Amino acid sequence: MHVPDTRAAVGELAADLGWLEDHCRAQPGLAAHAGSLRLASALTRNVIGPFLEDQPARPLHVAVVGGAGAGKSTVVNFLCGSVVAEANPQAGYTRHPTAFLPAGGATLPGTIGFLGPMRRVSEEKPANLDEDVYQVRRLQPTAAADPLGEFVVWDCPDMTTWASTGYVARLMEVAALADVVVYVASDERYNDEVPTQFLHLAVKAGKAVVCVLTKMRESDAPAMVEHFQREVLGRLPPLPSGSIPAVPVVPFPQMPPGVRNDPAGAGAKYRVQLLNQILVQCESADAARKRTVSNAARYLATAGDGLLDVARRDLAEFDAWKGAVRVGRLDFEDRYRKEYLSGEQFRRFDRYREQLVELVELPGAGRMWGNVLWVLRAPYRWGRDTLTRLVVRPDTLNLSEKTVLDAALVGWLDGLRAEALRRAGSHPVWKAVAHGFDGPLAAEVRDRFQQAFRTFELKETDDLEATGRQLVAKLEGNPGLLYLLRGGKLTADIAVVGAVLVFTWVPSWYHFLLIPLGVSATHQTAELAARGATEAARLKVRSHREELVQATLTAPLAEWLAQWPATGGTAFEKLQQVLTRVPLLIRQLDEKVSAKMTA
Amino acid sequence: MTEPEPLLRTLAPLLRGLDRRLRGWLDARRAQPLSMLQRAELEGLDTDLQRQAAALDVEKPLLVIMLMGGTGVGKSSLLNALAGSPIAQSSFTRPTTRDPVVYYHQSVRSDRLDPALRLCRLAQHDRPGLEQKVIVDTPDLDSNDTANRDKLIALLPVADIVLYVGSQEKYHDKLGWELFKEQRKRRAFAFVLNKWDRCLTNESGVRPDEDLLRDLKDEGFTSPLLFRTTARAWLEANGATPADLPAGEQFPLLKNWLELGLTRLEIEAVKAHGVTQLLAQIARAAEGAKPPDLDEAAAKVADAWERVLAEEAAVQAEVLVGALEPYQTEVEHHFSVEGQQRFRGLMAAYLRVTTMFRYAGSRIRDRHPITGRLLGGRVETPVEWNLGSFVQDCAKAAGERVLDQRASALVNKLLVDADQRGFPPALLQERTAAVSRLDWRDRVTRAVIDALAEVERRATHPTGWRKALRGTLGVAANTLPEVALVATAAVLLWDFFVVGNTDISLFRLSLVGLVPLVVIIVLHLLILMLLPIRWPAIRGEFRRELGARLDAELERVYRPIPGEIAAALTAERAEVDALVADTKQVSDWLAERQQAARVGELYGS
């Protein structure tokens with residue numbers, strides 16, 4: 001196996017989920033999701049990681065969890081067979097997990113990242129040390145054989161007192177590690193909301209769960225177990241595999257101190273029941289571990305999307321920002337089209353039109369003929385030009401392209417800024433944008449725009465020249481067509497002169513007036529054809545220009561603006577990264593786990 | 001001993017007055033709307049005010065003591081033990097109590113209870129010590145049945161004293177503790193640590209009562225009333241003292257406190273303190289909802305907007321003039337026609353003919369829609385000059401091209417400007433949006449027409465030396481051609497009859513027409529040269545005029561907005577101040593009359 005590769009993936013996934021967890025904690029409405037995210041990152045770190053790195057299945061882990069004062073430490077003592085954990089009446093006394101290693105041999109795995117940020121303290125400390133640590137204690141060997149010789153028993157802190165917000169992450173870390181979760185609920189607590197949520201989470205993560213009901217009167221035990229099974233266990237979520245979880249319940253009635261403090265002797269009756277239930281869940285160490293691992297992988301695969309739900313609101317707001325940018329972009333393009341493009345005549349094309357008309361004239365010696373005709377056409381030309389001047393409206397004064405673009409950009413930015421201000425109170429992304437506008441954002445956008453505009457200017461000039469030149473070059477490059485046109489025009493002119501002479505023979509002086517009229521008509525036809533060709537090219541340039549603005553100016557700018565909140569090392573950038581990476585990593589690890597399972 | 005002043009009874013009308021005041025303030029329309037949270041809080045406080053006013057306006061006010069705690073801590077057992085009989089359901093299944101139980105004296109008619117309590121299970125008793133007290137057992141706050149928590153939260157506002165019941169396991173569970181922290185600002189708290197027997201195991205760690213006292217001390221309760229009880233033992237003993245009570249068991253103390261400790265004086269003090277707390281909350285919430293003082297910012301914004309609006313007006317004027325550009329011939333034509341009105345006789349006839357020729361193009365164009373469209377005319381100008389419809393079309397064209405988009409951009413710019421000068425744009429948004437939705441085309445059209453008319457008036461009625469020149473030229477044009485005609489005719493007649501020159505050539509005859517024509521042409525040239533009506537000359541003046549008009553129009557609608565809003569906010573601030581002052585007056589009145597009763601430990605600091 002590619003251990004470093006796997007290790008990197010595991011580390012990355014755990015870190016990403018950890019980051020999401022912190023992200024949730026920072027937002028008041030999402031704090032509830034932090035627990036399941038912590039569980040997911042801990043599962044990656046403590047279960048999937050060691051498995052993929054070929055750590056031995058042994059020892060198995062039993063985590064004892066439950067609400068404050070429910071009797072977790074007492075249950076730990078019963079599991080270990082002697083009084084090893086401090087059981088006391090102060091609710092929420094235990095503040096960090098403690099591992100009890102069996103007397104013989106087994107040690108905790110030494111993989112990097114095991115139990116995440118928690119530090120191991122080697123010397124003995126009181127259980128109410130409120131730090132990110134875990135203790136490890138080795139049990140004293142006893143004469144009797146230890147039924148849990150392959151198990152590490154974890155005494156965990158509670159999740160119900162007001163102080164637990166500070167240490168519930170430690171509980172999650174150990175619960176994720178466990179192969180068997182022993183859920184302790186007292187007669188007061190067994191139908192409480194907060195512990196039940198935790199139980200649901202453990203079941204969803206595919207942990208084998210054994211419930212211990214404590215502190216009731218001996219006589220009430222069967223009824224209470226029945227009520228607990230109906231009210232709480234009856235509403236458990238299905239396992240990752242889809243089946244309904246079977247959770248055994250062991251009653252631990254209120255015991256006098258003598259029994260409570262002598263688990264192996266006076267309390268053996270209860271202890272044996274509990275041990276049996278645990279051992280039933282773990283017939284062989286390998287199978288139990290495999291189950292833990294494959295359930296963890298499946299939990300990640302199925303809950304993966306749900307885990308990312310916490311970012312949904314962020315993403316929705318982010319999308320709203322992108323939408324605002326898009327709307328601004330459309331407005332920008334609209335303004336450009338209406339204010340500039342629709343009124344722009346591209347005067348430069350008139351030159352090409354003249355060139356086209358010029359081309360059709362005869363070259364060389366034929367120029368004499370052309371000059372003669374030009375003189376003949378003079379009266380018609382004057383008449384036409386005068387009439388046109390009288391009738392044609394002057395053009396609308398068109399704003400310069402740069403003015404229009406600058407105004408449109410200002411409009412775009414103002415629109416975005418106003419939108420950001422309007423919504424600044426609703427979500428951090430808008431606030432960040434509003435702050436950005438107060439700071440460097442607007443100047444930066446303008447810089448980018450100026451740069452893009454320079455490129456655009458070069459391209460547009462090229463584009464215009466190329467289209468115009470192409471118009472002429474097409475004809476020049478096609479001698480056949482060119483000669484045909486020239487010949488055609490010459491023929492038409494000669495035909496007109498000839499026809500006048502033939503039909504009016506012998507002509508009077510006024511019949512010769514028909515000749516200039518005729519040659520003017522032929523020339524006008526040629527001019528109209530040239531105008532048609534130029535107009536088509538002009539239209540093409542206009543639509544092309546719009547595309548050019550979109551491609552070189554608005555599209556890159558819109559893209560940059562849309563991504564702006566997610567750049568520069570902000571939380572949104574990280575969020576985007578995490579959201580794309582987490583599903584990939586989960587899939588990758590899931591595949592690796594199932595490959596190794598079948599191998 | 002004289003009858004003490006009926007403090008609470010006198011308080012009720014004051015509270016009612018305050019409630020009316022608060023109600024009115026809440027219902028009023030305001031420039032800065034309350035946020036959802038603020039409104040909810042103030043509404044809740046107002047309801048409490050009404051409730052207090054109603055509860056105090058009786059001979060003997062009832063003290064509501066409410067038990068609050070997690071499931072299984074023994075709230076019901078405690079009530080049963082206090083009552084000496086199983087009035088509240090209590091069993092080992094969790095959660096037990098789903099419906100609240102109200103335990104009150106039989107002398108109290110049930111309609112005197114708060115409406116929220118009347119719907120609960122009612123249990124009456126005849127114990128004189130608890131005559132003025134109502135004890136309520138509530139559902140839990142932490143079980144899977146979350147409806148229970150909602151019921152509790154709905155009942156809590158009724159409570160005067162909350163009895164926080166904890167057990168060895170649950171004395172500082174998060175859910176209960178947070179509710180306590182939230183409610184302690186509003187009511188008195190006493191504490192019960194039930195299942196005291198489970199707390200005494202002589203094991204390591206802090207004993208739960210000491211742990212709880214420490215937590216409470218951190219919350220400001222230095223000497224809270226804490227009762228350590230084992231309710232179940234008392235209940236099972238059936239009224240007698242149980243046999244093996246753990247050391248330090250304080251159930252009798254609790255009972256004693258409820259029955260004897262809370263005398264009339266204490267009840268009054270607790271009630272008064274509750275009202276004081278409520279008033280403080282109202283004052284705080286109102287103070288929090290007080291809008292900011294924006295007078296200064298508004299002045300700054302108005303100044304900044306003036307610049308923005310002037311720029312905007314200039315650009316709009318430029319655009320509109322640009323839209324008129326293609327119709328310069330028509331405008332010139334119009335001005336010429338208007339200028340010709342003052343000419344009479346030959347000059348008038350001559351001008352009519354020349355004008356017709358000169359502007360023949362626009363006539364051809366306009367009369368024939370086909371040529372109009374072919375030759376680039378976008379607006380169908382009617383043959384008969386109709387300034388209104390013509391300008392309307394121009395404004396429409398300009399609007400479609402430029403102005404419509406500028407309107408929303410302008411609002412955005414104004415909002416951004418306001419924000420930069422410390423004026424919250426949210427306050428302006430509604431008004432500016434409404435203004436930008438006005439019919440701007442209509443206004444622009446009117447501005448263009450007015451500006452054109454003004455320019456026209458100035459062109460046709462000049463002042464200063466132009467006026468003199470124009471008058472002279474007018475008189476000359478109206479008389480000289482006719483004079484020339486008559487003179488030429490007279491000279492010709494004189495020549496024919498008196499001198500006897502009989503040479504009647506065509507040229508000599510045509511002199512009768514030619515001489516006046518020359519005079520007319522000279523005069524016309526003079527008029528054209530000295531008093532030109534050309535588009536470029538009109539254009540500059542027209543643009544200035546239009547810019548000024550648009551600027552005035554924009555300023556008229558936009559500029560007062562910040563000032564008006566700031567003024568409204570100032571009025572609202574004054575209202576809040578008045579409300580707070582009223583509240584303070586009532587609490588001062590109350591503070592003066594508070595009687596010395598020892599209830600301080602129920603509140604902490």
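Predicted model: local features only at pLDDT ≥ 70, side-chain atom pairs only at ≥ 80, totals over all residues.
In what order do the strands of the open sheet in chain B run, and how many strands form that sheet?

Okay, chain B. Seven strands make up the open sheet, and the order is β3-β2-β4-β1-β5-β6-β7, with mixed pairing. At the edges you'll find β3, residues 121-125, and β7, residues 226-228, each of them pairing on one side only. Go from one strand to its neighbour and the turn is 20 degrees on average, if you ignore direction.

Strand β2 of chain B, residues 101-105, pairs with β3(B) in the parallel sense, over five bridges. If you want a landmark there, B:V101 stands opposite B:R121 in β3(B). Then there's helix α3 of chain B, residues 75-83, which packs on this sheet. That helix touches β1 (63-68), β2, β3, β4 (133-137), β5 (161-166) and β6 (188-193) of chain B, and its direction makes about 145 degrees with that of β4(B).

In general, most peptide bonds are trans. But B:R94 and B:P95 are joined by a cis peptide bond, with omega at about -10 degrees. You'll find B:P95 in the loop between α3 and β2 of chain B.

Now chain A has an open sheet too. Eight strands this time, in the order β3-β4-β2-β5-β1-β6-β7-β8, and again the pairing is mixed. The edge strands are β3 (119-121) and β8 (249-252) of chain A, each with pairing on one side only. Neighbouring strands here are turned by 25 degrees against each other on average, direction ignored.

A:R119 is the one to click on: A:R119 stands opposite A:V133 in β4(A). Over at β8, helix α6 of chain A, residues 221-231, lies across β7 (208-214) and β8 of chain A, running at about 140 degrees to β8(A).

A:D54 is in the loop between α2 (31-52) and β1 (60-66) of chain A.

On to helix packing. Which way do α9(A) and α18(A) run relative to each other, roughly parallel or roughly antiparallel? Helix α9, residues 285-308, and helix α18, residues 571-598, both of chain A, pack at an angle of about 160 degrees with their axes 10 Å apart. The cut-off for roughly antiparallel is over 145 degrees, so α9(A) and α18(A) count as roughly antiparallel to each other. The crossing is left-handed. Residues meeting there include A:L300 and A:A301 in α9(A), and A:I586 and A:L589 in α18(A). By class, that contact has 12 nonpolar, two polar and two charged residues.

Compare that with a pair in chain B. Helix α18 (425-436) and helix α23 (560-593) of chain B have axes that come within 10 Å and cross at roughly 130 degrees. These two are therefore oblique to each other, and α18(B) passes α23(B) in a right-handed crossing. B:L427, B:L428, B:R431 and B:T432 of α18(B) make the contact with B:I561, B:P562 and B:I565 of α23(B). That's five nonpolar, one polar and one charged residues.

Last bit: the big picture. Chain B is divided into domain 1 (60-249), domain 2 (295-462 + 533-558) and domain 3 (463-530). The centres of domain 1 and domain 3 of chain B are separated by 120 Å, taken over C-alpha atoms.

And how many residues of each chain are in contact with the other? 56 of chain B, with 49 of chain A. Several helices of chain B each supply at least two residues to that side, among them α12 (295-324), α15 (360-367) and α18. Which helix gives the most? That's α17(B), with nine residues. The side of chain B that touches chain A comes out as 19 nonpolar, 21 polar and 16 charged residues.

That's me done, thanks.

Technical notes: Residues numbered from 1 in each chain as written. Chains lettered and ligands numbered in written order. Axes fitted to C-alpha atoms, helices over the stretch in contact; angles between N-to-C directions. Helix = DSSP H or I, 4+ residues; strand = E, 2+ residues; numbered from the N terminus. Parallel < 35°, antiparallel > 145°, perpendicular 65-115°, else oblique. Left-handed = near helix turned anticlockwise from the far one by under 90°. Contact = placed C-beta atoms within 7 Å. Nonpolar A, V, L, I, M, F, W, Y, C, P; charged D, E, K, R; others polar. Pairing = 2+ DSSP bridges. Domains from an automatic or database assignment.
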